[in-house]
Amino acid sequence: MNKKKLSIGLITLSLITTFSLTTLTKAEDFTGKEEKYIKLCSSSKLTNKQQKTCKEFNTYLNDKNKQLNKESKETKSWFFEKTQQHRQTLSQINEKTDRQYPDESIRNDKGYRTTNRVN
C-alpha cells in the first residue's frame, strides 16, 4: 500500500513539474518576440497548432498586462507615499525655520519660505 501511494505521489509530482516547466518555457518563448506573434496571430488562416499558439500568446499578453498594471499601481503608491513624506519634512523644516527666524519668514503664494531682506 505504501509503495502504491509513493508511486502515485511521484507520478503526480512529475506531471505537475512537467506542466509547470512547459508553461514557463512557453512564456519564455514569447518574451522578446511579441511582434512576431502579433503578426502571426493577425492572420485569418491559422492551422490548429497556430491557433493554440495564439491562444497561449494571448494568455501571455494578458498575464503580462496584469503584471504591468500591478507594478504601475505599486509605483504610483510608492511615489504618493514619498511625496507625502517630503511634504511633511518640508513642513517641519519650515516650522523650525519660522521659529528660529520669525522676522525673516515670509511665505510666497505657494507656501515656500522666502526672505524679506533686500540685498
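A disulfide joins Cys41 to Cys54, with an S to S distance of 2.1 Å, a disulfide being a pair of cysteine sulfur atoms within 2.5 Å. The model is predicted: local features need pLDDT of at least 70 and side-chain atom pairs count only at pLDDT 80 or more, whereas totals for chains, interfaces and linings use all residues. Residues are numbered from 1 along each chain as its sequence is written, and side-chain values use heavy atoms, with hydrogens and water left out.

**The disulfide**

- By the sulfur distance rule, the count comes to 1 disulfide.
- The torsion about the S-S bond of Cys41 and Cys54 is about -100°, so the disulfide is left-handed.
- The pair links distant parts of the chain, with Cys41 in helix H2 and Cys54 in helix H3, 13 residues apart; helices (H or I, at least four residues) and strands (E, at least two) are DSSP runs, numbered from the N terminus.
- Cys41 has 25% relative accessibility and therefore counts as partly exposed, while Cys54, at 12%, counts as buried.
- Buried means under 20% relative accessible area, exposed means over 50%, and partly exposed lies in between (1.4 Å probe, protein chains only).

**Packing of H2 and H3**

- Helix H2 (residues 34-41) packs with helix H3 (residues 48-100) at an angle of about 130°, their axes being 10 Å apart.
- Axes are lines fitted to C-alpha atoms, for helices over the stretch in contact, and angles run from 0 to 180 degrees between N-to-C directions.
- H2 and H3 are therefore oblique to each other; angles under 35 degrees count as roughly parallel, over 145 as roughly antiparallel, 65 to 115 as roughly perpendicular and the rest as oblique.
- Glu34, Tyr37, Ile38, Leu40 and Cys41 of H2 meet Gln50, Thr53, Cys54, Phe57, Tyr60, Leu61 and Lys64 of H3, where contact means heavy atoms within 4.5 Å.
- By class, the contact of H2 with H3 has 8 nonpolar, 2 polar and 2 charged residues; Ala, Val, Leu, Ile, Met, Phe, Trp, Tyr, Cys and Pro count as nonpolar, Asp, Glu, Lys and Arg as charged, and the others, Gly among them, as polar.

**Lys64**

- Lys64 is found in helix H3 and, at 34% relative accessibility, counts as partly exposed.
- The C-alpha atoms of Lys64 and Thr31 are separated by 9.9 Å, the two residues being 33 residues apart along the chain.

**The chain as a whole**

- The protein chain has 3 helices and 2 strands, and its pattern along the sequence is α-α-α-β-β.
- Of the 119 residues in the protein chain, 8% are buried.
- Among contacts in the protein chain with a separation of 6 or more, 21% are between residues 24 or more positions apart.
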